[in-house]
Amino acid sequence: MSQSSYGRMWDAAQGALEYLLEDEYPTMQLRPQKDRLQVFQTLATFYLRYLKIFRALEEVYDQLVHPQKRRVVHQVLEGVMGRLVELKNEMVELEYSEFHYFDDILQDFKMTPEDLEVPIPRYFVREKMRALKEREKMLAHILAKGGCQEHKTVLVQSMSMERAVWLLQVSERARQGRLRAHFMKTIRQEEQRRLQGSSSSMLDPDRAATCIQKVWRGFRDRRRVKKECLEEMIFLGMIPAQQPTPVPAQLHAQQVESRRHGVQEEHEAEYQRALVNIKESVRSVDGPDIKESLQEQIRQWFIECRDATGKFPDFPSPEDGGSASIFAQKTPEQVAAEFAAKEEEREKKKKSKEDKDKKGKKKEKKGKMKGKKGKGDTEEEEKGWKMTPSNFLPTVVEGAKLYKEVWHNRDEKQNFLQSFDAQLVREEKRLEVEEELRVQVDELMRQELKNLKLVVDRDKGKKKKKVKKSSKKKKKKGRKTGKKKKKEKDLTADRTIESLYEELVLEGFIIRPMNVKLSDYIGSQCVHERGPLIRALLLTGPAGVGKKMLVHALCNETGANLFDLSPAKLAGKYPGKSGLQYLLHMVFKVARQLQPSVIWIGDAEKTFYKKVPKLEKEMEPKRLKKNLPKVLKSIKPEDRVLVVGTTRRPFDADIKPFCKVYKKIILIPRPDYASRFTLWKELLQAGGAQLGPKLDLSSLAKVTDGYTQGHILQAIQTVLNSHRLNQQTKRPLTAVEFIPPLARQDPVYKEEEEAFKAWYSRTPLGKKRARAARASEEAADLKKGKTKGGKLQKKGKEGKNKKRKKKK
């Protein structure tokens, strides 16, 4: 795609965003809604529309080379990402569940389930690739320096002499047997040729032609049936289709896309140089004129205010914006009126206390008169769901407005290479220079105004000075009475971040994440949605569902540091309370300085054990129990630090403190049939297997119900050794070969699965979900009761009327 194509894509995305904002803003002003299903439909619709726009903007930002356009796209893209997170959190709070189903809405939008996957923006890692490479080099250097260079360990098993001789004898006898069999095969073939040559007889031409036709037709029909059967199996999804070889046009398009990234870096460097050069030229060329025009404007304002009010005005302080607040589209009369209003407010402050007391008494009397009816009305108004105010919609609106005003109808025919626009840079830098010079001009004009007041309004000037002195004294008194906030002690103030980083690496608390991505995670729905202000996340589920893999994938996709604070890592290191405090201080200090960072706590249930097992008492697994909640509170919203815990036995932990730390808990279930089918196909292909008709993936997916991703991967690795892979052409793979290694593993039984469900129902979100289910059932029962009661009442009234008629 060319730059014009991405420009049209950007235009289409901005148009869709404009329509979406027009639909969303009215929903925020609606009264609280009581129909939960309708609310979820609204939220899900907005979520899918934002997701579609997000995909388009991410593609545009990745391939546009114009540096100023990319900044506008980046602003809108971040706002859309934030809004997606907010909508996801709204749906979680509404349904009390981390997983949602959009089947009906997907059909309406003509989207597939694949479109629900939130793509990781490519600029997360690409724009800081240099920093990541430098960090990787530093990590490798520290590991090599400390003598703990990571390497793959190859296990070598010892063997006795008798065993070695026996293996050599077996191999030699097998080799001799193969040679003897090949020799005998060639002898038999020669004898068959000799016999056929001696007993050759002339056949009838018609019979010979019929025989040839019979053989050819049989071969042709068998080939056609085999092809149709293969096509049918591929169509049904029983056999994966062969991946087509990449077309030269596709390869060329991929090369062009990667080349654009280099052009982006070149244009960005030119733009950064232009920002400095153009600002200097504006300051040197236009600076004197700007300064002179500012002074003339302020002097003119002095004269106009003097003519309008009969006195010189007060010059706004730097905290109020200085002279910039004067010329914010206001006339001298409006400015004078504002200053007069401020003075009136000061006089009214003294009387405000008495008025408040009187109003408070009147309100109390009115409240008593209203009684119970008023209370019921307020309760009814508070019930229902209402959209919470968004922190990201203003960013999206501002970016959309900037696009519409600057880039929507801008003529760029001359800018074929899509380099920066010098005119826009000059306008932007002129405003910056004007703001810098305004501060200097304000100081000069304050002194000039003071001199004018001394000359013209001496008496008035003295009174104003006295007021200023009294106000200054009040300010000083206020400062004395104010309490100073305590600052946190920096336990490593005398050390650099590099030295702390090195110590944490050598001690094993900073580890290198595995080279996996979220796209490599196959099975249950990928979990990479995080609610706003979530400091800690818990991934729980049976062994082998991919909890640790998700942690490593999260670090790779976002370029985050990975810290390991698992109980096993802490055993025997930094003993005592002071040692633990020092370690946590180091970890979170380095995590903030080198953010984004992920702090991983494996076997998270051990930190909150109900009862520590005897074998683990020496390890002190509960060392973090008291300090972890305190440290989590120190994580601010702007800190890109996330604590991720993983556990396969959450029911061993004390649930109350456990859920206080991990407020967002995601239960990863075992894979279903569709996930298992995809797992078998993808893992077999990754292992080098040739998928053919004899390998029934559907049966394997059905048989492995109850097995996790780890079980399936282990079975595939056991079967697909180098010897078996070399035999595939002669002996294709079959489904039966994978049954024995699966039978040697224990699946996830129903008892374990029910234990996870029971534990999750005791978490805060699980309790809310149970309460909501009970409330809906009670409401349904009440409706049924009302209808039945109404019928009974009618029958009773009819009976009474009949009796009365009989008496008459």
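Pro596 sits in the loop between α19 (576–593) and β4. Helices (H or I, at least four residues) and strands (E, at least two) are DSSP runs, numbered from the N terminus. The peptide bond from Gln595 to Pro596 is cis, and its omega is near 5°. The model is predicted: local features need pLDDT of at least 70, side-chain atom pairs count only at pLDDT 80 or more, and totals for chains, interfaces and linings use all residues. Residues are numbered from 1 along each chain as its sequence is written, and side-chain values use heavy atoms, with hydrogens and water left out.

Six strands form an open sheet with mixed pairing, in the order β1-β3-β4-β5-β2-β6. Two strands pair if DSSP finds at least two bridges between them. At the edges stand β1 (510–511) and β6 (664–667), each pairing on one side only. Helix α27 (residues 750–760) packs on the sheet and touches β2 (536–540) and β6. Contact here means heavy atoms within 4.5 Å. The direction of α27 makes about 160° with that of β6. For such angles, axes are lines fitted to C-alpha atoms, for helices over the stretch in contact, and angles run from 0 to 180 degrees between N-to-C directions.

Now the strand pairs. Strand β3 (residues 561–564) runs parallel to β4 (residues 597–602), and four bridges join them. Within that pair, Phe563 stands opposite Ile599 in β4. Six bridges join β4 to β5, again in parallel. Here Ile601 has Gly645 in β5 as its bridge partner. Between these two strands the chain passes through helix α20 (residues 627–633), and this β-α-β crossover is right-handed. That term applies if, with the strands pointing away from the viewer, the path from the first strand over the helix to the second runs clockwise. β2 and β5 also run parallel, joined by five bridges. Thr540 has Thr647 in β5 as its bridge partner.

How many residues of β5 (residues 641–647) are buried? Seven of its seven residues are. Buried means under 20% relative accessible area, exposed over 50%, and partly exposed in between (1.4 Å probe, protein chains only). In a regular strand the side chains alternate between the two faces of the sheet. In β5 both faces are covered: Val641, Val643, Gly645 and Thr647 are buried on one side, and Leu642, Val644 and Thr646 on the other.

Next comes Cys659, in helix α21 (residues 655–661). Cys659 counts as buried because its relative accessibility is 9%. Leaving aside residues up to four places away in sequence, Cys659 touches Ile665, Thr763 and Pro764. Thr763 is 104 residues away along the chain, yet the two C-alpha atoms are separated by 6.8 Å.

Gln418 is not a glycine, but its phi is positive, about 60°. Gln418 lies in the loop between α13 (393–407) and α14 (422–456) and is buried, with a relative accessible area of 8%. Tyr574 is not a glycine either, and has a positive phi of about 50°. Its loop runs between α18 (567–570) and α19. Tyr574 is buried at 15%.

Helix α9 (residues 248–285) has 38 residues. The expected span of a helix is 1.5 Å times one less than its number of residues. The buried residues of α9 include His261, Tyr271 and Leu275. Its buried residues pack against α1 (3–28), α2 (36–63), α3 (67–95), α5 (123–126), α10 (287–309) and α14.

Charged pairs come last. A salt bridge is a side-chain nitrogen of Lys or Arg within 4 Å of a carboxyl oxygen of Asp or Glu. By this rule the count is 31. In one of them, Glu268 meets Arg71 at 2.7 Å, N to O. Glu268 lies in α9 and Arg71 in α3, so the pair ties together parts 197 residues apart in sequence. Asp639 forms another with Arg592, the closest N and O atoms being 3.2 Å apart. Asp639 lies in the loop between α20 and β5 and Arg592 in α19, so this pair ties together parts 47 residues apart in sequence. Asp639 is buried at 15%, whereas Arg592 is partly exposed at 25%. Finally, Lys279, Arg283, Lys429, Glu432 and Glu436 are linked in a network of salt bridges.
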